[in-house]
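Here is a short report for a reader meeting this structure for the first time. Please look over the sequence and the model, then read on.

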Amino acid sequence: MYDVAEIRQNFPILDREVHGKPLVYLDNAATSQKPRQVIQTLTDYYEKHNANIHRGAHRLAEEATAAYEEAREKVARFISAPDSDGLIFTRGTTESINLVAHAWGRKNLREGDEIVLTETEHHSNLVPWQLAVRDTGARLRFIPMLDDGTLDMEAARRLIGPKTKLVACTHASNVLATINPVEELARLAHENDALMLVDGAQSAPHMPVDVEKLGCDFFAASGHKMLGPTGAGFLWGRIEILEEMEPFLGGGEMIREVHLDHSTWNDLPYKFEAGTMNIEGAIGLGAAVDYLDELGMENVREHERRLGAYAHGRLSEIEGIVLYGPEKDRAGLVSFSLPDVHPHDLSQLLDEEGVAIRSGHHCCQPLMRRLGIAATARASFYLYNTEEEADALVAALVRAREFFGAFA
Amino acid sequence: MMRELYTQIIMDHYQRPRNRGEIDNPDIEEHLLNPLCGDEVTVYALFEGDKVSDVKFGGRGCAISQASASMMTERLMGKSREAAEKEIKGFKSMMTGETEFPEMDDLAALKGVIQYPSRIKCATLAWNAFQKGMDDGG
């Protein structure tokens, strides 16, 4: 049984107050809070096992290496990857996508080739591709968004064709809460001998992910949005594709043999892990995955689906509010705006009441332009949030509006 | 605390902005974006000789950025280029805490913003646009 009260006890930060009010943390799409179990793992690592990994013939190096590699296994299992050699630790989603755009893109893209993205992408799944096509002469195409916040799949079927080399799409939108049909996009990509990359930054923390079922070739996510420490995330890729790719960064550990004028590359996944990695970050991410596994991702998704729908319903009662994204099948976040209070002012006024939300373009400027706005406010929920917190959000919004109204 | 940030004067300028609009054939037309939030402002100015004979602003943004833009237009109207530049410098140094806000100055209404570092860019957006417009030869 999913017991939120019990879960909350594992998150020390949820006990704190902000401006004398209990913290209501609704900025989880930006980063999640961390459970005691993850924090303790980091402390243990530094108090008992800290050493540089691989190549060390001493006890601590062996322990640190074992913990790091165990974390790799855990994360690979978490996304049902067929093997852990294709699981590469990175700084997060942004670095993961840059890795593919650079190491795969620079080698495989030619003039006339096309990369198909969507209008709704986060800058991290747009800008790396802009750089890749600038250097190769390929071009970007964009699947449009329908007015209900879902993708225009008819257009997708027209856009994905023989020129397409790769389709890259966010699994769950960080603004619209849309859960995109990435399985269908992967099928379309493969029918045209193209690859499929899934940006899982907003899905891996919140719902069961099975990369085999999705049918994707690359899957990228960030550890810090799924209870892990900042600075550690991952890229999973199909072994046969990763093997054909050029390295991303050159340096220690990613090599097999180094001469003054050339080098050969290490096996996967080490070929893509140059230099000393964020060891404690990866181990912390392993602990985060343990925590999520224990709760069960089906249960996490169900909790957030219910809570998201509850919040969406409560917010829609506010007169004049604009809610973005589809009506149904949403991830657990809500973007909204009030006609009379700018999102920035809203988040400032809410902070006064201990309610943490985000406002701005959410790193989706093209999507904001498509929606005809500069910014939205966004409340994003996670496995420890409650209906009472959604109520606190709504109450604080009503008071913010009254505050502004008093000057009118 | 919110009363310190959203003062009566700020809210008055926000809800009843002065000099909101456009100028035909302006000497300065400068569009600036706050990259943090996507807020935008366009500042227009007309010079008669060395003096600012008209100044207007457009765009969209939060109460702080809109009120600050409105207050700027009042402040710079009729000023010489040199005096305008001095006003802008002075305002920015007050917003970074280098100099104090004068007590009896309307701009002191923006004093509360200093405590919210992420909002200082909102307050200085229009002022930076005007400066950039002059720098670019307007």
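In which helix of chain A is Lys74(A) found? Lys74(A) belongs to helix H3, which covers residues 59-78 of chain A. The model is a predicted one.

**Lys74(A)**

Is Lys74(A) buried or exposed? Its relative accessible area is 15%. Buried means under 20%, so Lys74(A) counts as buried. Leaving aside residues up to four places away in sequence, Lys74(A) touches Gly286(A), Val289(A) and Asp290(A).

**Strand S8 of chain A**

Next come the strands. Strand S8 of chain A spans residues 195-199. How many of its residues are buried? The count is 5 of the 5, so S8(A) is largely enclosed by the rest of the structure.

In a regular strand, side chains alternate between the two faces of the sheet. S8(A) is covered on both faces. Leu195(A), Leu197(A) and Asp199(A) are buried on one side. Met196(A) and Val198(A) are buried on the other.

Which strands pair with S8(A)? One is strand S7, residues 164-170 of chain A, which pairs with S8(A) in the parallel sense over 5 bridges. Here Leu166(A) stands opposite Leu195(A) of S8(A). The chain passes from S7(A) through helix H7, residues 182-191 of chain A, to S8(A). This β-α-β crossover is right-handed.

Strand S9, residues 218-222 of chain A, also runs parallel to S8(A), and 3 bridges join the two. Leu197(A) has Phe218(A) in S9(A) as its bridge partner.

**Strand S5 of chain A**

Strand S5 takes in residues 114-118 of chain A. S5(A) is mostly covered, with 5 of its 5 residues buried. Both of its faces are covered. One side holds Glu114(A), Val116(A) and Thr118(A), and the other holds Ile115(A) and Leu117(A), all buried.

S5(A) is joined by 5 bridges to strand S6, residues 139-143 of chain A, and the two run parallel. Val116(A) stands opposite Arg141(A) in S6(A). What lies between these strands in the β-α-β unit? Helix H5, residues 127-136 of chain A, makes up the unit together with S5(A) and S6(A), and the unit is right-handed.

S5(A) also pairs with S7(A) in the parallel sense, over 3 bridges. Glu114(A) has Thr164(A) in S7(A) as its bridge partner.

**Pockets**

| Pocket | Volume | Lining |
|---|---|---|
| Largest pocket | about 1,100 Å³ | 45 residues |
| Second largest pocket | about 250 Å³ | 16 residues |

Which residues lie nearest the centre of the largest pocket? They are Asp27(A), Ala30(A), Arg358(A), Ser359(A) and Arg378(A). By class, its lining has 14 nonpolar, 21 polar and 10 charged residues.

Several elements each supply at least two residues of the lining of the largest pocket. From chain A these are helix H4 (93-108), helix H12 (343-351), strand S15 (355-356) and strand S16 (358-360). H12(A) gives the largest share, 4 residues.

In the second largest pocket, Ser337(A), His342(A), Pro343(A), Ile373(A) and Ala375(A) lie nearest the centre. The lining of this second largest pocket has 10 nonpolar, 4 polar and 2 charged residues.

Definitions and conventions. Residues numbered from 1 in each chain as written. Chains lettered and ligands numbered in written order. Predicted model: local features only at pLDDT ≥ 70, side-chain atom pairs only at ≥ 80, totals over all residues. Heavy atoms only, no water. Buried < 20%, exposed > 50% of the residue type's maximum accessible area, 1.4 Å probe, protein only. Contact = heavy atoms within 4.5 Å. 1 Å grid on protein atoms, 1.4 Å probe; cavity = no way out; pocket = protein on both sides within 12 Å on 5 of 7 lines; lining within 4 Å. Points joined across faces, edges and corners; volume = space filled by probe spheres on them. Nonpolar A, V, L, I, M, F, W, Y, C, P; charged D, E, K, R; others polar. Pairing = 2+ DSSP bridges. Right-handed = clockwise from strand over helix to strand, strands pointing away.
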